[in-house]
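Subject: Structure for your review

Dear colleague,

Please find the sequence and the structure below. My notes on them follow directly after.

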Amino acid sequence: MNRIPAAVRDRVLAAVDELADEVVEFTSELVRIPTVNPPGEFYPDCARAIGSRLEDCGFEVEYHTAEGRPEHTKAHPRVNVVGTLAGARATPVVHLNGHFDVVPVGDGWTEDPFGGEVRDGRIYGRGVADMKAGIAAAVYAAEAIRRSGVKLLGTVEVSGTVDEESGGYAGMGYLADIGRLAKDRTDAVIIPEPLNVDRICIGHRGTYWFEVTTQGRIAHGSMPFLGQSAIEHMGAALEAIRTELIPSFKSRKTEVPVVPEEARHATLNINSIHGGQPAGEIQSPCVADRCSAVFDRRFLIEEGFEATRQEIVDLLDGVANRVAGFRYQMKDLMVVEPVRTPDDAPVIQSLGEAINGVLGREATLVASPGSYDHKHVFRKAGIENCVAYGPGILELAHQPDEWCGVDDLVNATRVLALSILDLAGVEAA
Ligand SMILES: [Zn+2]
């Protein structure tokens, strides 16, 4: 940061002040496009809205439709947008990425979830914090530099991508798959997710979703002793998880600064369970011969995936040894490896200094309990120099009456602008 003259920084910060209304207005415009995922509504409209704003701001714009991905359908096309603002040199390339899909509205709203209303210093709407304000901040951070007349040495890219809320495989995952986002062409990536305006997110825990199916033997319900209940077998498996596995999580704590603090431990959630005949239909008297449950295990970088999976296998094998007739099958549904940005990644230092410069306080490093598009940047594209930093309060994501503070939005725009200056470099005046 010190290599950027103070006069240059001041010019850019003044430019942010002048365009503050526009960044708010653009955020509202994005909120008014109800890009609900699932199923992935209005993606082309939102990609075009971002693309046309990027064009207004001098970017060259490309659209990347995730052809061939199963999520991409005629009814719900998966369209991503990438804008490039070329500097004096081709490199370094600083890439800012936001997902424009939002989760379903849910109950409990008192505001119009797709109104984009601005009141008392807050912008309201589904997805405003997570993360349409972040996209607007990224676009206008670059635009503030352009309007200030400061010439960047390197290149700035801003992308709007789909499906982060459902894994991002047709979004950031797709851009990595086609090489649009790659280690040899992208030097730094910032993802403006809502993590509070003074925190830098350096990664996330691992995710392991698996399904366990227990098998029994069907018999007449009036003579259950002649069959074997798959539901009771699942009960034995759940009991083993509750009494043997969960208590051991207490002593397993990661060194990574995951927030909230409870999520520094390993966790396991039961997503769903179903056994026997379909609910809500006419039933016949039968012993259940099948029961399945889906589990969501979040594992620590210190645990690793293989050991995490083996532990479940060993636990269920233990149940099989002591419960007569216990048979099970296990299926991996999703594995996301944990991610951690190296301590010496330039993007951490750059954002830290920018946060200090704008807010006058030290940035806090955090990590996320759940995964986000960082995984594709790190694991697929191989780019280690990546963090998440953006406006909005983490805990408001996915809640009713979601909002983002105008102050946060403008401050994050300032921070991103200073960090772009630092990471891309400026031409000597
Ligand atoms: Zn998000």
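This is a predicted model: local features need pLDDT of at least 70, side-chain atom pairs count only at pLDDT 80 or more; totals for chains, interfaces and linings use all residues.

I begin with one residue. Apart from its neighbours within four places in sequence, Ala-136 is in contact with Val-23, Phe-26, Thr-27 and Leu-30; two residues are in contact if their C-beta atoms, placed from the backbone, lie within 7 Å. Ala-136 belongs to helix 3 (residues 128-148). Helices (H or I, at least four residues) and strands (E, at least two) are DSSP runs, numbered from the N terminus.

Residues are numbered from 1 along each chain as its sequence is written.

Is Ala-136 buried or exposed? Ala-136 is buried, since 31 other C-beta atoms lie within 10 Å. Ala-428, in the segment after helix 9 (406-424), is exposed, with 6 other C-beta atoms within 10 Å. The terms are set as follows: a residue is buried if 20 or more other C-beta atoms lie within 10 Å of its own, exposed if 12 or fewer, and partly exposed in between, with C-beta atoms placed from the backbone. Of the 429 residues of the chain, 46% count as buried.

Regarding the chain as a whole, it holds 9 helices and 16 strands. Its radius of gyration is 24 Å, close to the 22 Å that the globule rule gives for 429 residues, so the chain is as compact as a globular protein of that length. This radius is taken over C-alpha atoms, and the globule rule is 2.2 Å times the number of residues to the power 0.38. The C-alpha trace spans about 85 × 40 × 40 Å along its principal axes. Among contacts with a separation of 6 or more, 81% join residues 24 or more positions apart.

The domain assignment, which is automatic or from a database, gives domain 1 (6-204 + 338-424) and domain 2 (206-336). Their C-alpha centres lie 37 Å apart. Where they meet, 9 residues of domain 1 are in contact with 11 residues of domain 2. On the domain 1 side, strand 14 (residues 364-368) gives the most, with 3 residues.

Next come the sheets. Strands pair if DSSP finds at least two bridges between them. Strand 5 (residues 122-124) is joined to strand 16 by 3 bridges, and Tyr-124 stands opposite Trp-403 in strand 16.

Elsewhere, strand 11 (residues 290-299) pairs in the antiparallel sense with strand 9 (residues 206-215) over 10 bridges. Within that pairing, Val-212 stands opposite Ala-293. Strand 10 (residues 267-275) also runs antiparallel to strand 11, joined by 8 bridges, and Ser-272 stands opposite Val-294.

Yours sincerely
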